[in-house]
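Thanks for making the time this morning.

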Amino acid sequence: MSDRPADRPSAAVVPAAPLAGEQRSPGPQQGGPGALRPTGGTAGSSAFPGPGSAIAGGGESVPEARAAMPPGDRRARNVPDGPIGASLPGADLWREAMVALTLFAIDPHGLGGVVLRARAGPVRDRWMDALAEALPASTVRRRLPSGIGDTRLLGGLDLAATLAAGRPVAARGLLAEADGGVVIAPMAERIEPGLAARLAGVLDRGEVRVEREGFGETLPARVALVALDEGCDEDERVPAALAERLALRIDLQAVALGQAIEPAPDAADLAAPRAMLPRVSCPDEVLQAMCATALALGVDSPRAGLQALRAARAAAALAGRTQVDEADAVLAARLVLGPRATRLPPAPEDPSEAAPPPPDPPAADDEDRSGDAQQDRPLEDRVIEAVAAAVPAGLLAALQAGLAPRAGRGGGRAEAARRGKLRGRPLGSRAGAPGAGARLAVIDTLRAAAPWQRLRQPAGAVIDGGGRRLQVRREDFRIRRYRERVRTTTVFAVDASGSQALHRLGEAKGAVERLLADCYVRRDQVALVTFRGPGAELALPPTRSLTRARRSLAGLPGGGGTPLASGLDAAADVVAAVQHRGDSAVLVLITDGRGNLARDGQADRERARSEALEAAATLRALGVRTLLIDTSPRPAPAAEALAQAIGAQYLPLPLADAGHLSGAVRQLVSAS
Amino acid sequence: MASVFPFTAIVGQDEMKLALLIASVDPSVGGVLVFGDRGTGKSTAVRALAALLPPMRAVTGCPYGCEPSRVAGLCAACRSPGKTARGRRPAGEPPSALRPVPVVDLPLGATEDRVVGALDLERALADGVKAFEPGLLARANRGFLYIDEANLLEDHLVDLLLDVAASGENVVEREGLSIRHPARFVLVGSGNPEEGELRPQLLDRFGLSVEVKTPTDLPTRIEVIRRRDAFERDPEAFLAAWAREERRLRRRLEAARERLPSVSVPDGILEQAAALCLKAGTDGLRGELTLMRAARALASLDGDAEVTVAHLRRVAAPALRHRLRRNPLEDAGSAGRIERAIAEQLGA
């Protein structure tokens, strides 16, 4: 096949479309899944430059991806980690989103949920309305407010009712209330890891365990989750632990309102497939093909395979079949496995990906040939091939740049959110009046009051069950105590340019590793900025995960000019963001101080120098404690001058052995 | 309660299963830490273990599930005479009954009062009685305490758990209550390193540490999905199909527990264990102790009367892996080092 690289996209369409078209037409809705075939074709596709592509395009990777794609796939596209068929034009994307919606509406709890990436707006509203229509009218739908507390989420003590009744009254949490329904989480990209883990646990078990505020119980909570991902760049996404539980991914960023024409399925039409679902069987061949596809696409978690299986069942039920067939398998694999791909299936497709766009063979001819080929190849090959076509083009570009999307992204950004609510670690409570910033510890107050209730009842009072009022006096008040611990984020700004690489990038890496080890001991967060070539990049947003820090450090490339000013700017940005969150930052700058690229990437030593001093002044204004490690072979005046301009502590590398380094950083941290 | 996926039906992940079995044969091994990829059946295995374990004998009505034959380990209520209608305890053991071994799930978002136990608010408010309401630690006594996503648990709860797990006793001093009760449990923690690391202090408290990875070969993956799918579609039939395997493993566990006190550890093996720890560079003596206990439990599981080098070899990695002085940036983690040390010391 490698000699006919261009037949890949069209071959992919073939197995899905004709089968879907023929067999599903008796299905309930007009132009429903039958319209799956991306009718946009090759010619008309460029007529839909999705509006989202401008916003979400992953920077420089877009042109590369375009260039690398076979012509048939060069369509409007958007985020690099494009969910469902991100390479399709708007109208087709919407149709695909409707198919996903239909499957989800048939088996919401089996599929777990949907990650819907789109900005708030009419298109997203339309999708949500469609979902409301497709689900049975009785389905509970609850919105998950951002920053929800544990008591509201999981359950706990109903304070008002408790005080009124004079006995503890339990409040059900939102998840238990939504049992049997759908929870909608807006701004899901900002969900912090703790909340993600709670939600994931409930999604896994279908029940919520409450062990809070005097209550211990297990309540049913069979819910599905629609995570509304409003992230606008690569880093902002739904936490991986949560996204893993949600089978479907939909991206509506590239859909304009006028393209969202496909109507929603009707709830009444979905009742029959839903009822049929338990009777749908799945041949072992399909199961094997699904696993093989997951493996070929580098989808690691077995959950994805299971979800794909369930999606295939829902698709079969929709078509009124009691057995999953190939079309269902292809559809499910495309919807569930495609967006999760971390690599492209191995040969025969591989060579065509790396090659420049080949000449465009006539499409009809192509389909014929691949049609013949369909017959004698095993099912799994056909499924893999079909899904490979749906793998977003951004992934391809990323792979070529050696930047396969890493699992576990998205922790960094979200982690930042959690400190607003919880200042410091709770230290229990103490007696005292609330107010003036002190918060009443309700449970502790009630506990303090409890033993005295009998004494406090007015003498001779008639106890008429329930009429007794709780007597809380001033001396019962307990207030919360917290120990506030300011977090430190150590920002490493590493000069990875050629001059540096020639000398001792290796040694600098060693120094950074040593410092990282220290950060690990202190439980600091770490961020990494690197600068080389034309500019600077944030290689690692602030994180506590050492695994990630280690990984991004190991993959640190070297070479190129020294855009010193850009590097300082990027470091200043990170520092400002850290300070903005109320944390303290320490900057460790590793460079020889010899910039030769100006901010605009021009090789202009003089401008580079003046701009670097300008950036240094900005850093100084931020008041960040800085350590500059000079990596030039001999202590150089350039680096020392820079250190002075920033107000940094200056440490030439010949002196910077491990002990020195960590001593210097410790000093900086303790100075806070 | 919803039916639980059977332990024996879990595909692969042998090291994790073995570690859990060892901990249930000999709880003194310490806890088990399961760290690794998502979707590898960490939670499934722990919950399955609850269904697998043979029931235990406990004093009737005791909130802590005291073991009637172990006088020293009884809680205050079981120890005090007058608890039973017959009066003095020395006349015989308190009445007891079989109950399932507790495997208590510590959910994220649990509050401290529910974990350690607190004043019973209901009774305090309604009757003005000062009564202690036991928490999760009481319920976990003699069983397992499971923390999913251990790295996301609030720090103050982690400290508290460590303290209790180390002392085997829960001391409650709050709201005018002064209670102490036995709380001996096997701590089982799971998590994903991508979400953040565990503190070294916590790491060291776990006896065994297991790394789980997603299987990468196709047949295994197919089998995982096939079984899971079969279970979800018809839990009863699936459980029935695996009942025999479960029974067999349960019997093996029971036999292993009985055999354990009689399993001997030759001096040569002790020397080997010490040399291995030295070679691997583990901190402290806890590693050697765990290594020896785990090897003994394994020998017992295998039905052997004496610990051999083969047993040592199989438990060395989980017993020592997390105790190496850490170079946090070593790419292969500590796995490579420990395996080298094992190969050198114990032979391939």
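This is a predicted model: local features need pLDDT of at least 70, side-chain atom pairs count only at pLDDT 80 or more; totals for chains, interfaces and linings use all residues.

Two strands pair if DSSP finds at least two bridges between them, and helices (H or I, at least four residues) and strands (E, at least two) are DSSP runs numbered from the N terminus. In chain A, strand β5 (residues 182–185) and strand β8 (residues 224–229) run parallel and are joined by 4 bridges, and A:A185 stands opposite A:A227 in β8(A).

Residues are numbered from 1 along each chain as its sequence is written, and chains are lettered from A, ligands numbered from 1, in the order in which they are written.

The open sheet has 5 strands in the order β2-β5-β8-β1-β9 of chain A, with parallel pairing, and its edge strands, β2 (141–143) and β9 (248–251), each pair on one side only.

Turning to the helices, α14 (residues 302–318) and α15 (residues 326–337) of chain A pack at about 135°, their axes 8 Å apart; axes are lines fitted to C-alpha atoms, for helices over the stretch in contact, and angles run from 0 to 180 degrees between N-to-C directions. That makes α14(A) oblique to α15(A), since angles under 35 degrees count as roughly parallel, over 145 as roughly antiparallel, 65 to 115 as roughly perpendicular and the rest as oblique.

Finally, the contact between the chains takes 55 residues from chain A and 47 residues from chain B, where contact requires C-beta atoms, placed from the backbone, to lie within 7 Å.

Conventions:
Two residues are in contact if their C-beta atoms, placed from the backbone, lie within 7 Å.
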